[in-house]
Amino acid sequence: MFEQLFKSIQEKVTLNEDDKEVYKSFFIPKKLRKKQTLLQEGAICIYNAFVEKGILRSFFTDEKGNEHVVQFAIEGWWITDLFSFLTNSNSIYTIEALEDCELLLLTMEAREALMDKIPMFERYQRLLLQNAYIANQARINSTLTETAEEKYIKLGLAYPGIIKRVPQHMIASYLGLKPETVSRVRKQISTRI
């Protein structure tokens, strides 16, 4: 069950065979069925979750009852409410499985202990946070400057295969578009292929 995690770590830092058993001792394996939640809005986020299999979404619901998707997490990605996780405050997000999922959960205490035990894990975590910040900046720029078609194409590149795995209304929510706009963009792209 740790194949994706070890691959992710090795892409950023050195991972030796002895460390693998140490890593395994800090993570909690968890399976979620489709539509089950890992985190409910209003609860404190106690896990940073690594996706071994499946796909999740993080979203919030506004005062009118509209859902706004802020993140998808596919195999090899992490998902959490970082603010809630780091500050021990109530989350504004819900994290829900869109497919049956296999996750590796890391508590704050386990994260800190793992960084003490394997210093390269701290470097790995720092690189993840750095890349997340860069991705967030790019997403803000995209939201402000790109066309619907450009946003849709970038989504497909950032999340390979997601277009076929996630309902269109959730993709529209993530992109800040109306579902009918996403439908029109899909048709335009398919006629050119």
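Phe50 and Trp78 are both buried (under 20% relative accessible area, with exposed meaning over 50% and partly exposed in between, for a 1.4 Å probe and protein chains only). The model is predicted, with local features requiring pLDDT of at least 70 and side-chain atom pairs counting only at pLDDT 80 or more, whereas totals for chains, interfaces and linings use all residues. Residues are numbered from 1 along each chain as its sequence is written, and side-chain values use heavy atoms, with hydrogens and water left out.

### Aromatic pairs

The whole structure contains 13 aromatic pairs. Rings of Phe, Tyr and Trp (its six-membered ring) pair if their centres lie within 6.5 Å; planes under 30 degrees apart count as stacked, over 60 as edge-to-face and the rest as tilted.

| Pair | Centre to centre | Angle of planes | Class |
|---|---|---|---|
| Phe27 and Trp78 | 6.2 Å | 45° | tilted |
| Phe50 and Trp78 | 5.3 Å | 70° | edge-to-face |

Phe27 belongs to the loop between α2 (17-26) and β1, and Trp78 to strand β6, so their pair ties together parts that are 51 residues apart in sequence. Helices (H or I, at least four residues) and strands (E, at least two) are DSSP runs, numbered from the N terminus. Phe27 is buried at a relative accessible area of 5%, and Trp78 is buried at 12%. Through ring pairs, Phe2, Phe6, Tyr23, Phe27, Phe50, Trp78, Phe121 and Tyr124 are linked into a cluster.

Two arginines lie over aromatic rings. Arg57 is placed over the face of Phe59, at 3.8 Å from the ring centre, and Arg139 lies over the face of Tyr174, at 3.8 Å from the ring centre. Such a contact requires NZ of Lys or CZ of Arg within 6 Å of the ring centre and within 35 degrees of the ring normal.

### Strands and sheets

An open sheet of 4 strands is arranged in the order β1-β8-β3-β6, with antiparallel pairing. β1 (28-32) and β6 stand at its edges with a single partner strand each, so one side of each has no neighbour in the sheet. Two strands pair if DSSP finds at least two bridges between them. Strand β3 (residues 48-53) pairs with strand β8 (residues 101-106) in the antiparallel sense over 5 bridges, and Lys53 has Glu102 as its bridge partner in β8.

Strands β4 (residues 56-61) and β5 (residues 67-73) run antiparallel and are joined by 6 bridges. Leu56 has Ala73 as its bridge partner in β5. The hairpin of β4 and β5 has 5 residues between the strands, and Gly65 takes a positive phi near 90° there. Thr61 is in strand β4 and is partly exposed, with a relative accessible area of 32%. Thr61 lies 35 residues from Phe26 in sequence and 33 Å from Phe26 in space, C-alpha to C-alpha.

The largest pocket has a volume of about 1,500 Å³. On a 1 Å grid over the protein atoms alone, a pocket is an open set of points where a 1.4 Å probe fits, with protein on both sides within 12 Å along at least five of seven lines, and lining residues have an atom within 4 Å of a point. Grid points are joined across faces, edges and corners, and the volume is the space filled by probe spheres set on the points.

The lining of the largest pocket comprises 41 residues, of which Gln71, Trp77, Ala132, Ala135 and Asn136 lie nearest its centre. Elements giving two or more residues to this lining include β5, α5 (119-145) and α8 (168-175); α5 gives the most, with 13 residues. The lining divides into 19 nonpolar, 13 polar and 9 charged residues. Here Ala, Val, Leu, Ile, Met, Phe, Trp, Tyr, Cys and Pro count as nonpolar, Asp, Glu, Lys and Arg as charged, and the others, Gly among them, as polar.

In α8, 6 of its 8 residues are buried, including Met170, Ile171 and Tyr174. Gly176 follows α8 and has a positive phi, near 75°.

### Positive phi outside glycine

Lys35, in the loop between β1 and β2 (37-39), has a positive phi near 80° and is exposed at 63% relative accessibility. Asn88, in the loop between α3 and β7 (94-97), has a positive phi of about 60° and is exposed, with a relative accessible area of 54%.
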